[in-house]
Amino acid sequence: MKKILLTLAMLVLAMGASALTLEECVLRGNSPRGIGAMQPSKSDGRYFYRMSDDGNAIMRISYAKGDESVLVDTRDEAVTGWDDFEVTADGAYVLLWNNSQEIYRYSFSADYYVYDLKNKTMKALNEGGGEEIATLSPDGKRVAYVKDNNVFVRNLVDGQVTRDGKKNNIIYGVPDWVYQEELGMLNTLNWSSDSRSLAFLRWDESQVKMASMVIYQGTCNPKDEYALYPGRYDFKYPVAGEKNSIVSVHCYDVVDGTFKKLNVPLDEEDYVCHITFSPDPQRLMVQRLNRHQNDLRIYAVNPMTGDAKQVYHETSDTWVDAETSQQVQYEDKFFVIPSERSGYMQLYQYDLDGNLMRQLTKDNNRIISQFYGYDKGTKRFYYQSSCGPLNRVVECVDAKGKVTRLAPSTADGQGTASAIFNGDFTYYVGCYSDAQTPNQYRIYDNKGRRVRDLQLNEEYARRYTAVDVPKKEFFTMEHDGYTLNGYMIKPVDFDPNKKYPVIMEHYNGPGSQEVLNKWRMGWEQYFATQGYIVCEVDSRGTGFRGKEFESVTHLNLGKYETEDAVAAANYMAQQPWVDADHIGIMGWSYGGFQTLMAMSEPGSNYACGVSIAPVTTWRFYDSIYTERYMRTPDENPEGYSNFPLNRAENLNGRVLIMFGSADDNVHIVNSMQYVSKLVDMNRTCDMMVFPNMNHSIRDCSARYVVYKRALEFYDQYLKN
């Protein structure tokens, strides 16, 4: 079914049809063409690597001219069809893998192989495969990986480093579920620059309670072993206020074979949110957050002695942004860290002893969203920042504090620009789009001068920027002393003298942002062709408006976002071309939570709503995310009392709830308990369950069905 729908969408594009279809708006086949996964060469900044279209070769491509040569060709090998690859820093070896198998969230196992570029030979890491996070040492002589929850290093006499790893008990290297989801970690195997030390984290999750999902045979990627009796998948999942894994930092010396726990000051409740070696092999940098996530400390740890020295400390009245830990970069004599200490995310430079050297960026209208790195040659720091909340620019600041805009080239910085730099910062691949311009990819030099075009999506642009495709319009509205940003999409034949039903889309999770000046083609455009006005407003608590705007929701998730969501519906109801009695709401995940909250808020103007994979009480959600904003249920009982499950008796209008039965993120207990509450009150609702689907509900044609069902629901309750 999936292939049929994708083919249909592509045929529509090829024929230049004038009407949008739901298939092309919600399936992946309608996206602008990308440039494929690319890896800048670590040994020569003039080239980058890319997989061939058939997945059997790796190409080396010149930044300047686009000349291609074959680095690896496995078409004549016994094993072909690669999922991804990694080239060593010295360009001597390539790590390839295929047969990737999802575990949960972002972790996966695969069959890994090492290709020797000099001898043109390829060897498997292990008979049978099934390794995780295989990681090459800088000298290319060893590969560290995880299997059966233990760490292994290949090419040693005794290749197994740890031995007590056990599923749902002890984990080495690969983070547990909640670390993957909320701290963005997947691989903690870290080699020192001299390839002698291998550092990694250990999780003791023996005291964490178990979560279970029922697995059915299904028809999308069927699991025939469960044809007659459903199976079960068990994994550790800490909910708010419950026991977390106990984390510790360990190091293995490949020269003398010693394995030790490092003396990092950690309490059992603490998180280690990032580890990496600095260029100095004697400095393993370990970042620790307390359980409240409002106290960040960075330690420089000697892997030989295990001793730790604190080099950075930051506290907050609310929380320290978890992404901070992922963007710190360490150089030979200093490190750079993003921080919101001023009330806005900016870059700060410290020496290796932890002394502040200077604040690199200072313009609070330019909130840092990504630190790309430091160019030793030009002594410039490259980053992406906001340009007003709706836009993103690529800039650099030099040693004298001079800021230079690289992209976009427009003076007002309108649109969304991002960059992928090569290893020595001489070139970067720039991506640009705005609300009316699909993604464009070009190569630039480090002064922002265009070198050549990669992919401009010209045919796609002609199709989707035509006059008969609904356009996004930005607006602002005032509520409770705040200016809120929004967009709306009207039918192309919009008549201001008619009355239109409205669908309000919401997400509004802390730090998120949906109202952006960038290209997006999705269900919103299609629904507009069906006679709806689709609208979204970023509420208080969302990102890139400063720390005060974002942290107003602290200890009160749902309160201010819900008030703003109701105000947004009332704002739309006041427009002369809106049918005020037919306004619906829709949201996924946090947006599903927002949907149920708004429909049970006093004064709500919503006639109906679609809630997809909703959180119905934060008591059911994971510890790291929930406690960052809410603390624990024992510490904040009042805050934990104001959630959809506690407000079900106030639900107004008709609601459709949809979720995947194998959602390991927002567990189905959220929806089941909510429906149970409605049943107890003799209330009914609509529901659709997607067997074996996870939080994204994306496999096969499921995403199409999600929006097809939503449209049917809205047609029933907003057009009658």
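Q: Which residue does a disulfide join to C220?
A: This is a predicted model, where local features need pLDDT of at least 70, side-chain atom pairs count only at pLDDT 80 or more, and totals for chains, interfaces and linings use all residues. Residues are numbered from 1 along each chain as its sequence is written, and side-chain values use heavy atoms, with hydrogens and water left out. A disulfide is a pair of cysteine sulfur atoms within 2.5 Å. Here the S to S distance is 2.0 Å, and the partner of C220 is C700.

Q: How many residues apart are C220 and C700?
A: C220 lies in the loop between β15 (210-215) and β16 (231-236). C700 lies in the loop between β42 (686-690) and α13 (702-718). Helices (H or I, at least four residues) and strands (E, at least two) are DSSP runs, numbered from the N terminus. The pair links distant parts of the chain, and the separation is 480 residues.

Q: Is C220 buried or exposed?
A: Buried means under 20% relative accessible area, exposed over 50%, partly exposed in between (1.4 Å probe, protein chains only). C700, at 23%, is partly exposed. C220 has 17% relative accessibility, so C220 is buried.

Q: What is the order of the open sheet of 4 strands?
A: Two strands pair if DSSP finds at least two bridges between them. The pairing is antiparallel. The edge strands are β5 (84-87) and β8 (121-124). The order is β5-β6-β7-β8.
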